[in-house]
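Let's work through some salt bridges together, one exercise at a time. Have a look at the model first, then try each task before reading its solution.

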Amino acid sequence: MAPAHGGSLLTGTAAGSYDWPALFARRTARGGDELTAILSLAAATDVITFSGGFPAPEAFPVDVLSELVERLLRQNAAVALQYSPTEGLPTARAAVATLLEQTQGPAIDPAEVLITSGGIEGLQLLARTLIEPGDRVLVEAPTYLGAIMAFAGFEADVEGVRIDADGLRIEDVEAALSSGRPPKLLYVIPDHQNPSGLSLSPERRQQLVELCRRHGLLIVEDVAYRELGFEGQAAPSLWSLAPDVVVQLGTFSKILAPGMRLGWAVGPSSLIGAMTAAKQNSDQCAGALGQTIMAEYVTAGHLDSTLRTARALYGRRAQAMLDALATHMPEGVTWTRPAGGFFVWLTAPEHVDTRALVAPAARLGVAYVPGAPFYTDTRGGNQMRLSYSRADDASIDEGIRRLATLIRAEL
Ligand SMILES: Cc1ncc(COP(=O)(O)O)c(C=O)c1O
């Protein structure tokens with residue numbers, strides 16, 4: 001239930017009985033519980049967890065990082081342990097600029113890069129910079145729960161646009177643009193999307209940037225899983241196609257380690273400037289220690305080998321999950337076939353309520369995220385997100401077998 005607002009701490013009647021929710025700002029009613037529950041499962045050791053979008057600990061480059069931490073602290077503690085400029089350390093910004101040039105094409109000046117404390121902070125800064133209460137924001141349906149929460153947390157009206165096997169449906173974006181108030185922005189995850197695992201086709205990328213440019217609509221491109229394609233070259237990033245209308249948010253969480261809490265934002269300079277000003281009022285700067293390590297890691301070329309290992313590992317696990325689904329799932333259940341990233345998106349027959357199955361699944365020792373929270377409307381009740389990234393091959397098969405038993409009982 002939404003809390004009442006406008007209360008005061010003094011409305012409490014006796015020590016210890018204050019009505020805390022009455023004090024909360026209206027925006028706190030827009031949730032966070034679902035993500036908190038996912039993160040709490042991260043610590044569980046007795047369940048097969050297909051829930052959070054967690055990288056495999058085996059993919060963390062522990063040896064290289066240990067050596068770097070030791071050396072950087074010995075050589076450069078005055079920088080690594082100090083505050084950094086709000087926009088990031090020059091070495092970190094230069095490392096991201098180099099990485100983007102190598103992986104996406106456009107050469108950029110490091111001065112155009114904002115270093116963030118992870119991808120989610122990029123979203124927060126962007127929402128804080130752009131969103132007025134009631135602003136219309138378009139997202140893919142389904143989309144990343146953290147993004148829905150970031151926009152809804154600033155009281156946007158978040159509206160889902162359908163996707164299919166080739167990603168966002170351009171005619172549906174067009175329809176959304178030709179009715180109602182002009183949206184403030186469109187948020188897209190073009191590569192190995194969270195939660196569907198699907199990608200936006202190269203043809204649609206071009207169509208999308210042209211359409212948005214025509215309508216003067218800002219595209220927010222989230223490239224969290226872009227470098228985790230199992231084979232071949234990724235399609236051009238939206239930012240590389242249209243740096244004038246795209247702000248790109250990236251993260252090192254999936255390609256290096258979420259414990260670093262590091263990401264980036266690049267895009268139109270006045271927007272990046274406003275986001276930097278917003279950062280001054282939040283954490284002031286990303287941790288310099290992490291920035292120093294990341295800069296050295298990227299510049300020395302270690303990321304290439306980390307990514308090679310990660311792609312092979314996640315590709316194998318994705319295949320193990322697809323094989324297990326094909327073996328165990330009953331007729332009438334369908335799922336996506338990701339070519340990268342962490343997720344398979346499963347659709348059960350209409351009447352199956354995946355939220356209601358969370359508790360029985362937990363009793364069977366399996367965790368997943370039900371589909372509904374990834375939508376901004378009533379869709380997704382019969383869907384679920386299955387993450388293969390942190391489960392080993394044997395437990396993938398066993399976990400899917402248990403889930404299949406539960407779903408079969410519902411048919
Ligand atoms: C699409 C997407 N964007 C951003 C993030 C957040 O990344 P970070 O851990 O860097 O905050 C995630 C994490 O799950 C994600 O899936």
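**Exercise 1.** Is Glu398 buried, partly exposed or exposed?

*Solution.* Glu398 has a relative accessibility of 25%, so it counts as partly exposed; buried means under 20% relative accessible area, exposed over 50%, and partly exposed in between (1.4 Å probe, protein chains only). Next, look at its partner: the side chains of Glu398 and Arg401 form a salt bridge (2.8 Å, N to O), a term for a side-chain nitrogen of Lys or Arg within 4 Å of a carboxyl oxygen of Asp or Glu. Arg401 is partly exposed too, at 37%. Helices (H or I, at least four residues) and strands (E, at least two) are DSSP runs, numbered from the N terminus.

A note on the source: this is a predicted model, where local features need pLDDT of at least 70 and side-chain atom pairs count only at pLDDT 80 or more, while totals for chains, interfaces and linings use all residues. Residues are numbered from 1 along each chain as its sequence is written, and side-chain values use heavy atoms, leaving out hydrogens and water.

**Exercise 2.** Which parts of the chain does the salt bridge between Arg204 and Asp164 tie together?

*Solution.* Start with the contact, which is 2.8 Å from N to O. Arg204 belongs to helix α8 (residues 202-215) and Asp164 to strand β4, so the bridge joins parts 40 residues apart in sequence. Then check accessibility: Arg204 is buried at 15%, whereas Asp164 is partly exposed at 24%.
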